[in-house]
Amino acid sequence: MTILLFENVRLIDPAAGLDRPGRLLVRDGAIAGADLPGAEGAPEGAAVIDGGGAILCPGLVDMRVAIGEPGFEYRETVASAARAAAAGGITTMAVLPNSQPAIDDPALVRLLRARGEETGTVSILPYGALTRRCEGAEMAEIGLLHEAGAVAFTDGTRAIADTRTMRLALTYARGFDALVVQHPEDPSLARGGCATDGELATRLGLPGIPAAAEAIMIARDLRLVELTKGRLHFGHVSTAEGVELIRAAKARGLRVTCDTAPPYFDLNETAIGDFRTYAKLSPPLRGEADRQAICAALADGTIDAIASDHAPCDADDKRQPFAVAAAGGTGLATLLAVTLAQVHGGSLPMIEALGLLTHRPAALLGAAAGTLADGRPADLCLFDPDRAWRVDADDMPGRAQNTPFDGRALEGRVLGTWKAGRPVFAHPATGQAAP
Amino acid sequence: MSDGPRAAPHRFFQHPTRHLLGVQGMHPTRIEPFLDLAESYALMNRSRKTPRDLLRGRTVINLFFEDSTRTRTSFELAGKRLGADVVNMTVASSSVNKGETLLDTATTLNAMRTDLLVVRHAQSGAPALLAQKVEASVVNAGDGTHEHPTQALLDALTIRRHFGGLHGLTVAICGDVSHSRVARSNIHLLTAMGAKVRVVGPPTLIPGAIGALGVDVHYTMEEGLRDVDVVMMLRMQRERMTGGQVPSAREYFRFYGLDRRRLAVARPGALVMHPGPMNRGVEIDSRVADSDQSVIREQVEMGVAVRMAVLDLLSRAGEPT
């Protein structure tokens, strides 16, 4: 029996509304009490970890991650993504199915889960393809994929363009109470575009995508949710109009949810500067008014989760003229710290911010993760909310280095990460041995 | 003729960077030296007395990823009239891995000790990417729909020669503004120099945010050309007319082609300009293109002079004053 005792920590368990100084006991990899009334000393044989007043919270649950496996291992592998996740305090990640091959077969779902277990550092929750090969035409085997452990269904970064297909998928998924996740962008409006329509794209001579491409897709899909009574989640929402539609739909009682990603509340389109391809994302970075609307939607609860939207790209695919460069940015290692900027800026309470990174995405995916409840696997993240650091694209954990936050000064550093009670990451400054 | 006429102030002027990637953000005090020097080169070109040893021993490479005989020839002449070794490289841009080619090319050019690199590329920002990697001075000879700075300079010089200056003039830029790097560079340059700029075209070919660049937008030629001093036509790409942005060439000419009737609402003696090559009967009527008001031929002449000034000034950008 191994016993771990975290002492001198600020315990935050958003699912339980817990936020106070305390201790946490871990027995055999499972949480064995967030509270030890009266017990001053450590249980016999316990390894004591002095948190030095840092925050101890559930390991983060990242609900939107692209990894290169299978098919694009030169971008990132499960192993390298797992290293980046551990450094970012992430112990559970849901991975997108638009790989090569697409995750449209139950065997592939099982494979990905097993690949996660092999790492020993991060649980992989596979998304199942919503349509075969993520091509947007014929429905994938949603039932079989669900049975094999797919947590939700999506075509990843491809929107389901065909209205009839989307209607069918939403309707059919209801039979399994399965969540459908949409990339909210009208593909025909987005075709060929690489920046948000507006002054900057005009000046740079870059083909634009109107911000309305998001609202148009969201508006259509909300109407389909009313028609089908399905469950729908919008990934990485990024516009004022988009969140306003979702806010109104929630008020009407529709079963819709959404997430956003750090670039959309921390950066705006000016980050692309003079053709900086690391800031080329999909959807593209928006104007400042949209960024502010995303911050407001985080604060008022319209947005249900924050996901890293991690999208590894090969350096050669980024060292291209802007319009032909690959879209996407890494995000695992910066997810927590960029989110904390909202806390430090006063627009989001700490416990709410952590909730958006833990139990709320876990609940959306039906995953038993993201809480400090007794008996749960001890997936933990210890972080100093005030420790300053600077993002350096040449020195990121994992293989892919294409962070849109290069040079960003941040406050909040992960000190240690534990997966089922085992240390999987230790920041060098903590003096603890790295696993 | 090394001691040929040179406008004195320019001996002390230095362009602040090694490169000329765009006009956006250039202050008039940075623009005028190019125009002044080009003016003197225009005179020298006419008298066939150019300083042939000015760039002797320097290598100018015309690196064209997009075919453009006119611009390439203009740069080639400019380099040769200043005595540089000029080499033309045309790179097929059909390969999928364009960027890799671009950066590999940069390495190659460094090894060849290129002094001035003139780049034309179908992608916005490609010369800027190249400029990060090459040791040579980079001149943007047109990138995607971003900028075409030497075209704007030669247009400004042409206008200045007729009106004595640019301040207070009204210039209408007409046609496919959305896909035009010529329009963007001209908008930046003309507004910087104090001219009033209008853009005129069908709404599908005018970017919605163009007003932020300090121009007025008109959707009819009758309104857009009223009382203007200069009418600048843009080349209409044929693929736009089959791509759905405009229904047909004949409809386009009917509403946006420049003919004598439309030109009549402009100021008497207004200049007619076109960056070439023209689509006669699509965006411009031959009788207008060949009329006394047309300065299209002069634009080509000024093109060589402007490019001489650009090569001259950039080649001196790193030297101590």
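Across the interface of domain 1 and domain 2 of chain B, ten residue pairs are in polar contact, both residues having pLDDT 80 or more; a polar contact is a pair of N or O atoms within 3.5 Å, where within protein one must be able to donate a hydrogen and the other to accept it, and residues adjacent in sequence count only if both atoms are side-chain atoms. This is a predicted model, in which local features need pLDDT of at least 70, side-chain atom pairs count only at pLDDT 80 or more, and totals for chains, interfaces and linings use all residues. Residues are numbered from 1 along each chain as its sequence is written, chains are lettered from A in the order in which they are written, and side-chain values use heavy atoms, with hydrogens and water left out.

**Domain interface within chain B**

- The elements giving two or more residues to the domain 1 side are helix 1 (28-47), strand 3 (116-121), strand 4 (137-143) and helix 12 (296-315) of chain B; helices (H or I, at least four residues) and strands (E, at least two) are DSSP runs, numbered from the N terminus.
- Helix 1 of chain B gives the most to this side, with ten residues.
- The domain 1 side divides into twelve nonpolar, eight polar and ten charged residues.
- The rule finds four salt bridges across this interface, a salt bridge being a side-chain nitrogen of Lys or Arg within 4 Å of a carboxyl oxygen of Asp or Glu.
- Arg181(B) forms a salt bridge with Glu66(B), with the closest N and O atoms 3.1 Å apart.

**Domain layout and buried area**

- Domain 1 of chain B covers 19-148 + 301-314 and domain 2 covers 151-295, with bounds from an automatic or database domain assignment.
- The C-alpha centres of the two domains of chain B lie 25 Å apart.
- In chain B, 30 residues of domain 1 are in contact with 24 residues of domain 2, contact meaning heavy atoms within 4.5 Å.
- The two domains of chain B bury about 2200 Å² between them, of which carbon and sulfur atoms give 62%; buried area is the accessible area (1.4 Å probe) that two parts lose on being put together, summed over both.
- Leu35(B), Thr145(B) and His148(B) supply 28% of the area that domain 1 buries against domain 2, more than any other three residues.

**Interface of chain A and chain B**

- The contact takes 15 residues from chain A and 23 residues from chain B.
- About 1500 Å² is buried between the chains, 59% of it on carbon and sulfur atoms.
- Thr202(A), Arg203(A) and Pro321(A) supply 40% of the area that chain A buries against chain B, more than any other three residues.
- The rule finds zero salt bridges between chain A and chain B.
- Five residue pairs are in polar contact between the chains.
- Helix 6 (residues 199-204) of chain A gives the most to the chain A side, with four residues.

Note on methods: Ala, Val, Leu, Ile, Met, Phe, Trp, Tyr, Cys and Pro count as nonpolar, Asp, Glu, Lys and Arg as charged, and the others, Gly among them, as polar.
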